[in-house]
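Have the viewer open as you read.

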Amino acid sequence: MEKNSSLWKNLIDEHPVCITWKQEAEGAIYHLASILFVVGFMGGSGFFGLLYVFSLLGLGFLCSAVWAWVDVCAADIFSWNFVLFVICFMQFVHIAYQVHSITFAREFQVLYSSLFQPLGISLPVFRTIALSSEVVTLEKEHCYAMQGKTSIDKLSLLVSGRIRVTVDGEFLHYIFPFQFLDSPEWDSLRPTEEGIFQVTLTAETDCRYVSWRRKKLYLLFAQHRYISRLFSVLIGSDIADKLYALNDRVYIGKRYHYDIRLPNFYQMSSPEMRRSPLTEHFQNSRRYCDK
């Protein structure tokens, strides 16, 4: 304790204080360096945020080094600021190389700029997502899935083209670019469950889509919780869009607009399936109105 107190006394109490202050201000280079420091520390996160921070801080340290060499003529101040400038410059080059080295196929570039970048997803995170997927071509009038036959073993996102969704030959809705092909099927199953498609998905034009294998995607979710939450939001939004598309297109009878929030459409259209009490009540009410 005595040694610490004596050190503090030497540094503070016995250190000479400034009696007279300089009347003239420092040169423009010093003030420019201070401005660069203030603006540089306002940078954000991510790769481009780091490029912003290190570029402005590097310029600030360079200005401080020039100021120390020209105005102050202090070798130690110049040395420290020049070393910090070199460190910032090396960091800037390293990050710029990482950003430049992250390249994708054309489909991934379109997907990132249209869907993931507006959500603030960084390139390294998207690269992790892209490395777990593959790009697949689906020719016109070929089926992505067939009702009652195709197993649910992947999750796919349409990049180009248009997919027609039907059930028992009846048209339900279209799937357009940057929409999931099988989000309802994905959301209906737990990771340990298996299932088959209840609809048929047919390509109306030549299509390209990005596909993730189910087991591989669940492994990615387990390793990266942020990616899991991201896909949860994307899939939930996609399902809501499909439900509204169904609500606009599916009708019952002459004057009654079918609301997809009412009993399941497949239960009402398939007589062999057991109907819920709510379904029976809905149909009985409709018959009563028809009379």
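What follows covers the cores, a surface patch, the cysteines and the salt bridges.

## Ground rules

This is a predicted model, so to speak of local features takes a pLDDT of at least 70 and side-chain atom pairs count only at pLDDT 80 or more, while totals for chains, interfaces and linings use all residues. Numbering runs from 1 along each chain as its sequence is written, and side-chain values use heavy atoms, with hydrogens and water left out.

## Nonpolar cores

Let's start inside. A nonpolar core here is a set of buried Ala, Val, Leu, Ile, Met, Phe, Trp, Tyr and Cys residues joined through side-chain atoms within 4.5 Å. Buried means under 20% relative accessible area, exposed over 50%, and partly exposed in between (1.4 Å probe, protein chains only). The largest such core has 30 residues, and Phe-116, Phe-126, Phe-180, Trp-212, Leu-217 and Phe-231 have the most contacts inside it. Among the elements that each supply at least two of its residues are α3 (46-72), β3 (154-160) and α9 (225-249); α9 gives the most, with six. Helices (H or I, at least four residues) and strands (E, at least two) are DSSP runs numbered from the N terminus.

Leaving out residues up to four places away in sequence, Phe-116 touches Leu-111, Ile-121, Phe-126, Ile-129, Leu-230 and Leu-234, where contact means heavy atoms within 4.5 Å. A second, separate core of 18 residues includes Leu-172, Phe-197, Leu-201 and Ala-203.

## Cysteines

There are zero disulfides (cysteine sulfur pairs within 2.5 Å). Cys-63 is buried at 15% relative accessible area, whereas Cys-143 is partly exposed at 36%.

## Salt bridges

Count a side-chain nitrogen of Lys or Arg within 4 Å of a carboxyl oxygen of Asp or Glu, and you get seven salt bridges. Asp-238 and Lys-242 pair up with their closest N and O atoms 2.3 Å apart. Both sit in helix α9, four residues apart, about one turn of the helix. Asp-238 is buried at 4% relative accessibility, and Lys-242 is buried at 7%.

Arg-164 bridges to Glu-141, with 3.8 Å between the closest N and O atoms. This pair links distant parts of the chain, 23 residues apart: Arg-164 is in strand β4 (residues 163-167), and Glu-141 is in the loop between β1 (133-138) and β2 (143-145). Glu-141 is partly exposed, at 47%. Arg-162 and Glu-204 join Glu-141 and Arg-164 in a network of salt bridges.
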